[in-house]
Amino acid sequence: MQPLCSPVSDDKNFVDAHVMIHEEPPSSSTSFLDQILQPGSSLQPNFLLAVDVAFTLLFLVLVTLLYLTAGNLHVVALILVELALWASVKWFVYELEKTNVPKQKSG
């Protein structure tokens, strides 16, 4: 088996070979994580749906825990904290949508 690039090659060829090996093929669909890690992604519907689903599942877990612990006040406090956090995220997104920030050109 021959190595992809020889250790005695000049630097330019090595860099070109390295870029060619590690270059990802272009795809028309990007992954969910790639989308949410972009600047301004907090207004994308997929991200907002994922946040709502996560908060809903957490709320359901806490309500189940409240039932199983026969109304423990600590669980009630956790539910209130979760609802306050959910409301603050919704408020932040609402305020962010009201601002008119121009989109930057990429490139």
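**View 1. The buried residues of helix 3 and the helix they face.** In helix 3, the residues Val-51, Asp-52, Phe-55 and Leu-62 are buried, where buried means under 20% relative accessible area, exposed means over 50%, and partly exposed lies in between (1.4 Å probe, protein chains only). These buried residues pack against helix 4, which covers residues 73-98; a contact here means heavy atoms within 4.5 Å. The model shown is predicted, so that local features need pLDDT of at least 70 and side-chain atom pairs count only at pLDDT 80 or more, whereas totals for chains, interfaces and linings use all residues. Residues are numbered from 1 along each chain as its sequence is written, and side-chain values use heavy atoms, with hydrogens and water left out.

**View 2. Helix 3 along its length, and the residue that follows.** Helix 3 spans residues 45-68, and its 24 residues reach 34 Å from the first C-alpha to the last, close to the 34 Å expected at 1.5 Å a residue; the expected span is 1.5 Å times one less than the number of residues. Just after helix 3, Ala-70 takes a positive phi of about 60°. Helices (H or I, at least four residues) and strands (E, at least two) are DSSP runs, numbered from the N terminus. By this assignment the protein has four helices and zero strands, and the order of its elements from the N terminus on is α-α-α-α. Of the 107 residues of the protein, 10% count as buried.

View 3. In the predicted model, residues 47-68 are 100% helix and 0% strand, with the end C-alpha atoms 32 Å apart. Residues 75-94 are likewise 100% helix and 0% strand, and there the end C-alpha atoms are 28 Å apart. Leu-65, which is placed in helix 3, counts as partly exposed because its relative accessibility is 34%. The C-alpha atoms of Leu-65 and Ile-79 are separated by 10.0 Å, although these residues are 14 residues apart along the chain.

**View 4. The aromatic pair of Phe-55 and Trp-86.** The structure holds one aromatic pair. The ring centres of Phe-55 and Trp-86 are 5.6 Å apart and the planes stand at 15°, so the pair is stacked. The pair links distant parts of the chain, with Phe-55 in helix 3 and Trp-86 in helix 4, 31 residues apart. For this assignment, rings of Phe, Tyr and Trp (its six-membered ring) pair if their centres lie within 6.5 Å, and planes under 30 degrees apart count as stacked, over 60 as edge-to-face and the rest as tilted. Phe-55 is buried, because its relative accessible area is 11%.

View 5. A search of the whole structure finds two salt bridges, each defined as a side-chain nitrogen of Lys or Arg within 4 Å of a carboxyl oxygen of Asp or Glu. In one of them, Lys-90 is joined to Asp-52, the closest N and O atoms being 3.0 Å apart. Lys-90 is partly exposed, with a relative accessible area of 42%, whereas Asp-52 is buried. In another salt bridge, the side chains of Lys-98 and Glu-95 meet at 3.5 Å, N to O.

**View 6. Glu-82, a buried residue without a salt bridge.** Glu-82 has its place in helix 4. Glu-82 is buried yet has no salt bridge, and the nearest side chain of opposite charge, that of Lys-90, is 11 Å away; Lys and Arg count as positive and Asp and Glu as negative, while His and the chain ends are not counted. Leaving aside residues up to four places away in sequence, Glu-82 touches Phe-55, Leu-58, Phe-59 and Leu-62.

**View 7. Phe-32 and its contacts.** Phe-32 is placed in helix 2, which covers residues 32-36, and at 35% relative accessibility Phe-32 counts as partly exposed. Not counting residues up to four places away in sequence, Phe-32 touches Asn-46, Phe-47 and Ala-50. From C-alpha to C-alpha, Phe-32 and Ala-50 are 9.9 Å apart in space, and 18 residues apart in sequence.
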